[in-house]
Amino acid sequence: MASKTRKTKRRQAQLFADLGHEIRLDALRILDERVASPNEIAKEIGASLNLVSHHVTVLKRSGTVELVKTVPRRGAVEHFYRARVPAMIDDAAWAKMPKKSRLVVYRTILQGMFAEAAAAEHEGSFDDDDAHLSWMTFEVDERGRAELTEAMADVLERVEQVKAACAERLAKSGETGEPMVTALMKFKRAARPGERRA
């Protein structure tokens with residue numbers, strides 16, 4: 001039992017290290033979506049190839065991503081990777097994550113979400129009949145806060161099931177799927193000017 005606990009703590013510490021840098025988090029997000037090379041990741045996020053290659057190597061050493069294939073390119077070899085674990089972290093691990101790492105995760109995810117939403121709006125994707133955007137603000141008590149967290153965890157679990165089923169069907173059919181973005185957020189609203197809180 002003690003060895004399992006040590007192993008879990010080591011994995012958790014590695015996860016915090018992996019998610020504690022914006023480039024690693026960006027790379028992991030992209031490699032969770034598709035197979036890509038450091039060169040492709042560098043172009044997408046606007047970072048230098050050397051820097052991205054270094055951080056992808058860190059993710060590979062930790063076992064978070066794996067090498068899928070290599071392709072010869074003008075006297076060099078381009079390496080392509082994919083994520084071995086989803087770019088997600090559960091509530092228990094999140095609660096233990098250092099605040100500095102949490103801020104990196106928040107900022108990187110929000111920047112990615114805003115960029116995706118802006119590009120989709122520009123392309124007209126929000127005109128689709130099944131496009132959806134919700135925004136609700138309301139007060140909760142302790143029980144309501146716990147129930148809200150549980151409801152969101154249920155939605156995330158269902159989305160993961162849909163994602164896995166789609167991947168399986170697309171792999172069998174050989175078809176190309178339609179890229180879809182989903183987002184789910186919950187946070188305490190910032191205080192308004194002059195607002196008093198208990």
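Reply: Leaving aside its neighbours within four places in sequence, I41 is in contact (heavy atoms within 4.5 Å) with A27, I30, L31, A36, V52 and V56. The model is a predicted one, in which local features need pLDDT of at least 70 and side-chain atom pairs count only at pLDDT 80 or more, while totals for chains, interfaces and linings use all residues. Residues are numbered from 1 along each chain as its sequence is written, and side-chain values use heavy atoms, with hydrogens and water left out.

I41 is one of the buried residues of helix 3 (38-45), where helices (H or I, at least four residues) and strands (E, at least two) are DSSP runs numbered from the N terminus, and buried means under 20% relative accessible area, exposed over 50% and partly exposed in between, with a 1.4 Å probe and protein chains only. The buried residues of this helix are P38, I41 and A42. They lie on the same side of helix 3, because they cover an arc of only 100° around its axis, the arc being that of the directions from the helix axis to the C-beta atoms. An α-helix has 3.6 residues a turn, so residues three or four places apart point the same way. The buried residues of helix 3 pack against helix 2, helix 4 and strand 2, and just after this helix G46 takes a positive phi of about 75°.

I41 also belongs to the largest nonpolar core, a set of 14 residues in which L31, I41, V52, V56 and V65 have the most contacts; such a core consists of buried Ala, Val, Leu, Ile, Met, Phe, Trp, Tyr and Cys residues joined through side-chain atoms within 4.5 Å. At least two residues of the core are supplied by each of helix 2 (22-33), helix 3, helix 4 (49-62) and strand 2 (76-83), and the largest share, five residues, comes from helix 2.

Strand 2 runs antiparallel to strand 1, and eight bridges join them; two strands pair if DSSP finds at least two bridges between them. Within this pairing, the bridge partner of V71 is E78 in strand 2. The hairpin of the two strands has two residues between them, and there R74 takes a positive phi near 40°.

In the loop between helix 4 and strand 1 (65-73) lies T64, which is buried with a relative accessible area of 6%.
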